[in-house]
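Biologist: Can you walk me through this one? I have some quick questions.
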Amino acid sequence: MTTPAATPARTVFLLAHTGRPAAIRSAELVVQGLLRSGVRVRVLAAEAQDLPLPPSVETVTGATPGALEGCELLVVLGGDGTLLRGAEFARASGVPMLGVNLGRVGFLAEAERDDLDKVVDRVVTRAYEVEERMTIDVVVHSNGDIVHRDWALNEAAVQKVSPERMLEAVLEIDGRPVTAFGCDGIVCATPTGSTAYAFSAGGPVVWPEVEALLMVPISAHALFAKPLVTAPTSVLAVEIQPHTPHGVLWCDGRRTVELPPGARVEVRRGAVPVRLARLHHASFTDRLVAKFALPISGWRGAPPQR
């Protein structure tokens with residue numbers, strides 16, 4: 001008689017904004033639910049100090065991709081900033097991220113604070129799907145040399161530093177100049193980022209299923225300064241004029257590097273996507289209406305088929 005093989009242990013990584021009391025309580029509920037169902041939990045040691053966790057919870061010290069080795073899912077509790085921090089883990093490790101929104105809008109989140117029981121149940125039963133979100137790779141050139149490489153899930157924003165002076169920039173798409181103007185900055189975004197900084201700058205909302213790149217000027221002093229939507233294979237570039245003050249590059253509002261006068265920022269489709277775990281089949285239209293609390297009274301729907 002052969003002995004059946006033991007079922008491999010399952011592990012979920014939990015990332016939380018421990019500066020929020022709501023996140024601490026939510027983390028406690030998620031951990032308890034997962035452990036009761038036989039799913040192991042791993043957290044960062046720095047966050048474990050602020051969380052009421054049982055001894056069985058595993059801790060790791062380094063916030064590196066290797067911290068998620070052996071994990072099947074990354075559950076993130078927090079606002080947009082925490083979700084973007086989780087996206088860094090998810091992209092580097094290839095582990096899908098499941099976001100629970102504890103902030104304001106939370107377009108990257110799949111669930112709200114009131115859905116914690118459902119989140120635990122779906123994780124335990126593996127009742128979720130995984131989709132890939134497009135990213136962008138960013139390269140900074142200065143004096144003919146590559147001085148910085150980065151990436152973003154939402155956007156790469158070239159911005160001015162001096163509040164009293166505009167940033168003089170030239171926009172380029174696929175190796176051809178488009179226009180030049182003074183501005184507060186330019187946002188190069190993905191469809192996922194179209195509801196973030198690019199949206200605030202006046203850019204269009206782009207459905208996540210659409211593969212495209214966006215270029216959105218910020219407060220441009222020009223007659224032609226419209227948002228541009230290009231093919232996903234395009235290469236976008238922003239050149240800072242040599243006579244202008246230096247600028248700054250922000251990637252997802254988290255990572256920054258100074259841009260000297262004459263610097264060139266190139267943006268193209270990222271080689272590595274971010275994988276998101278999805279619990280719902282709701283359309284992006286419904287998500288948009290819910291997140292922005294859009295008025296839809298008076299809608300009657302499509303007429304019945306005759």
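Biologist: What covers the buried residues of α6?
Modeller: The cover includes β5, β6 (111-112) and β20 (274-278). Cover here rests on contact, meaning heavy atoms within 4.5 Å. Helices (H or I, at least four residues) and strands (E, at least two) are DSSP runs, numbered from the N terminus. One caution: this is a predicted model, where local features need pLDDT of at least 70, side-chain atom pairs count only at pLDDT 80 or more, and totals for chains, interfaces and linings use all residues. Residues are numbered from 1 along each chain as its sequence is written, and side-chain values use heavy atoms, with hydrogens and water left out.

Biologist: Which residues of α6 are buried?
Modeller: Phe 284, Arg 287, Leu 288 and Lys 291. Buried means under 20% relative accessible area, exposed means over 50%, and partly exposed is in between (1.4 Å probe, protein chains only).

Biologist: Where do they sit around the axis of α6?
Modeller: On the same side of α6, because they cover an arc of only 100° around the axis. That arc is taken from the directions from the helix axis to the C-beta atoms. An α-helix has 3.6 residues a turn, so residues three or four places apart point the same way.

Biologist: What happens just after α6?
Modeller: Ala 293 takes a positive phi of about 50° there. Trp 299 also lies in the segment after α6 (284-292).

Biologist: Is Trp 299 buried or exposed?
Modeller: Trp 299 counts as exposed, because its relative accessibility is 72%. With Leu 294 and Ile 296, Trp 299 forms a nonpolar patch on the surface, about 380 Å² of accessible area together. Patches are made of residues with over 30% relative accessible area and no salt bridge: like charges are joined within 9 Å, nonpolar side chains (Val, Leu, Ile, Met, Phe, Trp, Tyr) within 5 Å. Accessible areas come from the Shrake-Rupley method with a 1.4 Å probe; for residues, only the protein chains shown count as cover.

Biologist: Now the inside. Which residues touch the most other members of the largest nonpolar core?
Modeller: Leu 14, Leu 34, Leu 73 and Leu 77, out of 28 residues. Such a core is a set of buried Ala, Val, Leu, Ile, Met, Phe, Trp, Tyr and Cys residues joined through side-chain atoms within 4.5 Å.

Biologist: And which element gives the most to this core?
Modeller: α1, with five residues. Apart from this core lies another, of 27 residues, among them Ile 173 and Phe 181.

Biologist: Switching to charges. How many salt bridges are there in the whole structure?
Modeller: A search finds 20. A salt bridge is a side-chain nitrogen of Lys or Arg within 4 Å of a carboxyl oxygen of Asp or Glu. In one of them, the side chains of Asp 150 and Arg 255 meet at 2.8 Å, N to O.

Biologist: What does that pair tie together?
Modeller: Parts that are 105 residues apart in sequence, because Asp 150 lies in strand β9 (residues 145-152) and Arg 255 in strand β18 (residues 255-259). Both residues are buried. Arg 264 and Glu 172 also meet in a salt bridge, at 2.6 Å, N to O. Arg 264 is buried, and so is Glu 172.

Biologist: Last one. How many helices and strands are in the chain?
Modeller: Six helices and 20 strands. Of the 306 residues, 48% count as buried.
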